[in-house]
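Hi,

Here's the structure I promised to pass on.

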Amino acid sequence: MTVLSVNVNKIAVLRNSRGGAEPDVVRAARACLDAGAHGITVHPRPDARHIRADDVYALAELTRAYGVEFNIEGNPFAPPREGYPGLLTLCERTRPAQATLVPDGDDQLTSDHGFDFIRDAEPLRPRIAELRALGCRVSVFADADRAGIELAAALGADRVELYTGPYAEAYADGRAESAVAAFAAAARRAQAAGLGVNAGHDLSQANLGAFLRGVPNVLEVSIGHALIGEALYEGLDATVRGYLRVIAEAA
Ligand SMILES: CC(=O)[C@@H](O)[C@H](O)COP(=O)(O)O
Ligand SMILES: NCC(=O)COP(=O)(O)O
């Protein structure tokens with residue numbers, strides 16, 4: 001069954017908009033875990049616009065106490081700066097179960113593409129090895145429509161995370177069927193190379209079921225933006241349970 005990791009970035013966005021400590025990221029994460037979420041994801045950005053290093057440390061403790069997966073996402077090439085020690089240092093300090101490498105830049109509003117495993121191979125290889133030596137499973141963000149997804153295996157990655165932004169757009173435009181077919185083909189190519197397959201970005205209660213029914217053996221979905229938005233209406237507990245129902249019904 002697919003694992004649900006809740007991305008709590010958006011709770012930090014709300015908190016940071018006024019300074020102070022509310023809403024409390026750790027309390028929100030605890031509510032998600034109490035509702036049955038299997039893990040917590042964060043994607044701290046170098047500009048600290050939402051999740052900050054101290055949130056990462058606190059959530060590492062929480063997930064350890066619950067015995068669930070902690071997934072830290074980020075660009076392994078972004079240099080440290082004031083308030084952001086860098087992805088590898090965060091992973092060294094907190095030893096998350098999974099590190100997800102994403103090629104995001106400072107100028108990006110959000111993640112909007114995966115790695116080019118042909119161009120990025122040589123710089124990625126040592127970063128992946130370092131993270132694996134820390135005991136992290138390593139997943140790398142990947143576009144379904146780009147050639148070479150299977151090369152991530154030769155770089156030492158354990159998994160790919162399929163960037164599902166284009167799927168979410170296709171679903172909204174009534175083109176879900178052809179989009180799912182393309183993602184399913186990419187997943188099969190990755191799996192044939194020995195990679196596990198995760199998925200994330202703009203997944204929602206509306207579009208998740210069709211994705212999971214069409215794409216084989218998705219091990220994990222990380223969901224934040226839509227989930228936190230839906231929770232404004234329904235509450236975190238009911239919303240997380242809603243996602244878990246969608247996942248169970250698609251299995
Ligand atoms: C890799 C990915 O798709 C998510 O981490 C997404 O980028 C969320 O990050 P933001 O909350 O900063 O948009
Ligand atoms: N890896 C994807 C993620 O963590 C959440 O993305 P989104 O649901 O906030 O778009």
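The lining of the largest pocket is made up of seven nonpolar, twelve polar and six charged residues (Ala, Val, Leu, Ile, Met, Phe, Trp, Tyr, Cys and Pro count as nonpolar, Asp, Glu, Lys and Arg as charged, and the others, Gly among them, as polar). A pocket here is an open set of points on a 1 Å grid over the protein atoms alone, where a 1.4 Å probe fits and protein lies on both sides within 12 Å along at least five of seven lines; lining residues have an atom within 4 Å of a point.

Quick housekeeping: this is a predicted model, where local features need pLDDT of at least 70 and side-chain atom pairs count only at pLDDT 80 or more, while totals for chains, interfaces and linings use all residues. Residues are numbered from 1 along each chain as its sequence is written, ligands are numbered from 1 in the order in which they are written, and side-chain values use heavy atoms, leaving out hydrogens and water.

Of the 25 lining residues, Asn9, Lys10, Thr110, His201 and His225 lie nearest the centre of the pocket. Ligand 2 sits in this pocket (more than half of its atoms lie within 2 Å of the grid points).

What does ligand 2 touch through polar contacts (pairs of N or O atoms within 3.5 Å)? One of its oxygen atoms is 2.8 Å from a polar backbone atom of aspartate 202, and a nitrogen atom is 2.7 Å from a side-chain N or O atom of serine 222.

Cheers

Notes: Polar contact = N/O pair within 3.5 Å; in protein donor to acceptor, adjacent residues only side chain to side chain.
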